[in-house]
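Reader: I'm new to this one, so could you take me slowly through the place where the ligand sits? I'd like a close look at that part and what lies around it.

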Amino acid sequence: MIRNYATEEIFHRYQSNPIISVDDFPYMANSVFNAGATKVGDETILLMRVEDRRGMSHFTVARSTDGISDWRIDSQPTMLPSPDTNPEELWGIEDPRITCLEESELWAVTYTAYSEGGPLVSLAVTTDFKHFERRGPVLPPEDKDAALFPVQFDGRWAMIHRPVSAHPYTLAHIWITFSPDLKHWGDHQILIPARRGGWWDANKVGLSPPPLRTTEGWLILYHGVRTTPSGVIYRLGLALLDLNDPRRLIARSDEWVFGPEEAYEVSGDVDKVVFPCGWVLEGDEIKLYYGAADKCMALATANISDVLGWLKTHSS
Ligand code: BMA
């Protein structure tokens, strides 16, 4: 079989990466990574996961006019875990994904709440990224890597997520589920299965940033977790879903499109990890915000038509 091997990189790292590290912080913390991202007016907002020096995570907002530099970081944590009111947040809150719900002008934040029963998916909404209204846990443990679509499909919200089964032979696949009210979820099905064997995304995959609407379909960036004798490697691949029926997978890349290479991605609290939870599309340019080695925040950019073109020629 003749196939196309990639000849050039599609995502380009910002030359002054990392864009934010704990050295930039107004208070002491262990690490800042895996931020959700969105635009509010002219500003880019990063809702960053910050791990404190006890090992527990909370969220802090950073704002920038160009989405690249001069980040203004809230002087105190913006959203702390609240185990008194929300026991599922006992060991912290992690990896927020932001979706602007278009009809309501409400931002939905899906995040991992680290409960005594394991990590689960929680939902909060905000209008200003200062105050957050918790809607509580929406999917039980173990489940992570969830994000909503910005629009409804036939009157129902859709959410992508990644449950993990306790069954030893079951792989960790990406799933999709639907809800009439953002509270009750059903019609669960596998959306992007983990591959098997020697693939870069064998055994465990998860959604990275929320789905991005393009003329060709919903663009998905997902991570594949490769287990090696020296630890895991988190890399990223692309997929495309049907615009009207997001259960339909139109394309999926065979190669990974982005992986850890630079020193700040290869060495940190967890080595060899690139983990984006947010991206912003402005004109033709995607700005991809990713956690690097569970230690700092970095930026890469890509042209949307290059990304879609690459996916067409690198789909299995
Ligand atoms: C995943 C998540 C991420 C983390 C990644 C690599 O399971 O917990 O928050 O960045 O592992 O450690």
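Author: Start with tyrosine 234: in this predicted model, an N or O atom of the Tyr234 side chain is 3.1 Å from an oxygen atom of the ligand. Lysine 144 also has a polar side-chain atom 3.1 Å from a ligand oxygen. For aspartate 95, the distance from a polar side-chain atom to an oxygen atom of the ligand is 2.6 Å. On its own the ligand has 310 Å² of accessible area, and the protein covers 84% of that.

Along with Asp95, Lys144 and Tyr234, the residues around the ligand are Asn34, Arg49, Val270, Val273, Phe275 and Asp294. Sorted by class, that shell holds 4 nonpolar, 4 charged and 1 polar residue.

The ligand takes up the space of the second largest pocket, which has a volume of about 320 Å³. Its lining is made of 20 residues, and Arg49, Asp95, Lys144, Tyr234 and Phe275 lie nearest the centre. By class, the lining of this pocket has 9 charged, 8 nonpolar and 3 polar residues.

By class, the lining of the largest pocket has 12 nonpolar, 4 charged and 2 polar residues.

Conventions:
Residues numbered from 1 in each chain as written. Predicted model: local features only at pLDDT ≥ 70, side-chain atom pairs only at ≥ 80, totals over all residues. Heavy atoms only, no water. Near = heavy atom within 4 Å. Polar contact = N/O pair within 3.5 Å; in protein donor to acceptor, adjacent residues only side chain to side chain. Areas by Shrake-Rupley, 256 points an atom, 1.4 Å probe, with all protein chains shown as cover. 1 Å grid on protein atoms, 1.4 Å probe; cavity = no way out; pocket = protein on both sides within 12 Å on 5 of 7 lines; lining within 4 Å. Sits in = over half its atoms within 2 Å of the grid points. Nonpolar A, V, L, I, M, F, W, Y, C, P; charged D, E, K, R; others polar. Points joined across faces, edges and corners; volume = space filled by probe spheres on them.
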